[in-house]
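Hello,

Here is the structure I promised to hand over. Please look at it first, then read my notes below.

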Amino acid sequence: MISDESCLRFRLPSYWNKENGSRNELKPMDSEQLREYGHRMVDFIADYYKSIENLPVLSQVQPGYLHNLLPDSAPDHPETLDQVLDDVKAKIMPGVTHWQSPSFFAYYPSNSSVASFLGDGGGVIQGSASEAVLVVLIAARDNVLRSVGKKALEKLVVYSSDQTHSALQKACQIAGIHPGNCRVLRTDSSTNYALSPELLQEAVSRDLEAGLIPFFLCANVGTTSSTAVDPLAALGKIAKSNEMWVHVDAAYAGSACICPEYRQYIDGVETADSFNMNAHKWFLTNFDCSGFLIDSVNLVLIYAPTRPQSFLPRSENLNPKSLSTNPLLR
Ligand SMILES: Cc1ncc(COP(=O)(O)O)c(C=O)c1O
C-alpha cells in the first residue's frame, strides 16, 4: 500500500525535509549554476591531472573498503557540490589506480590525451571489441538458425586464425557454439601470420562434407600479438560463397587505417558484414570507445528479434557501412 505521503513525493517536484518537516521545491540546475559547477569540475580535473605524478599509482586500499565508508541508504536530501567533491577526494580517490599517471606501465598505457578530456562526457560507443564480436556472433547464429532450425545449433562452425584474440572464443562460449566446432586455423611466418585462404577453403569443405554448417568467419586486421593482417578479399570470397558472416576484428590496429598510406590493409573490407576498431587504443580516446560498423541489412538482423518494427532504422536511409553507435545496438 502506497502512503499519501509517498504518492505526493512521486507526483510533485518536491521533497520533504525530515529535519523541520517542511517541503522544499526541487529546482533543476540553471545555466549559471551549470557554468559555476562546470568550472569547479574542470578545476578539480585539472588539479588532479597536475598532481597525478605525486600520487601512488596503484590503489592503496583493500577490496571492499568503500562499503564501510558508505551510508546504509542513499541520502534523501541534496548535498552541495563541495560535499560531493569532498567525498570523491576522501573516499573514492584512495581506491583509484591512476591509469593516466606517467608511471603507469601496466596493461595498455595511459592512452587518452588531455585534450580528449574535454570531449569525454561519459558514455560509450560500443563497450569493447569483445562486445562487438559477441553481438555479431549472436546475430549471425540466430540468422542461420532461423533458416535451418534451432536444433542445428550444434552443427554451426566458426572459423578464425590462431592469432585471433580470445574475445572470439569467449563469445563462442556465451553464444553456445559447440566447443568442437571452433576452427582455429594455423598460421606461420610464411604468411606473416595471416590466415591462408587455402586453409580456410579446405576446412570449410571438410565441414560441409561432414554435414556441419559453416556460418561465421572472424578475420583480423592487426592481431594483438603479431599484428597479422588477414587477406580480407580472398577470405571474404570464400565466406560469401558459403553464406557465412564475416566479422573483421581491427580492434588493435584499425585506427592506423585512417592514414591513406595504411588503407591498403583493409582492402576487401567491403566483403565484410561487420567491422570493429578500438578508438581507445591509438585514437587517444578514453575507455571505452569501440567503433563498430555493420552492414545495414545485418543491423536489421540484430534488431529484428527484440525490437518492434517502429524502432527499426529504415535500412534504405542507412549508409551500408555507417558507424553504428551503442544506442542502436543495446
Ligand atoms: C585484436 C584485438 N581484438 C580484440 C581485443 C579485445 O578488445 P576489448 O578489450 O575492447 O574487448 C583486443 C584487445 O586488446 C585486440 O587487440
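**Strand β5 and its surroundings**

Strand β3 (residues 156-161) pairs with β5 in the parallel sense, over four bridges. Pairing here requires at least two DSSP bridges between two strands. V158 has F216 of β5 as its bridge partner.

Two notes on the source. This is a predicted model: local features need pLDDT of at least 70, side-chain atom pairs count only at pLDDT 80 or more, and totals for chains, interfaces and linings use all residues. Residues are numbered from 1 along each chain as its sequence is written.

Strands (E, at least two residues) and helices (H or I, at least four) are DSSP runs, numbered from the N terminus. β5 spans residues 213-220, and eight of its eight residues are buried. Buried means 20 or more other C-beta atoms within 10 Å of the residue's own, with C-beta atoms placed from the backbone.

β5 also runs parallel to strand β6 (residues 245-249), joined by five bridges. There, N220 is partnered with D249 of β6.

Now the core. The largest nonpolar core holds 56 residues. Such a core is a set of buried Ala, Val, Leu, Ile, Met, Phe, Trp, Tyr and Cys residues joined through C-beta atoms within 7 Å. V133, F215, F216, L217 and V248 have the most contacts inside this core. Helix α6 (residues 129-148) gives the largest share, nine residues.

Last, the ligand. Its surroundings include S128, H165, D249 and N278. A residue counts here if its C-beta atom, placed from the backbone, lies within 6 Å.

Best wishes

Note on methods
A residue is buried if 20 or more other C-beta atoms lie within 10 Å of its own, exposed if 12 or fewer, and partly exposed in between; C-beta atoms are placed from the backbone.
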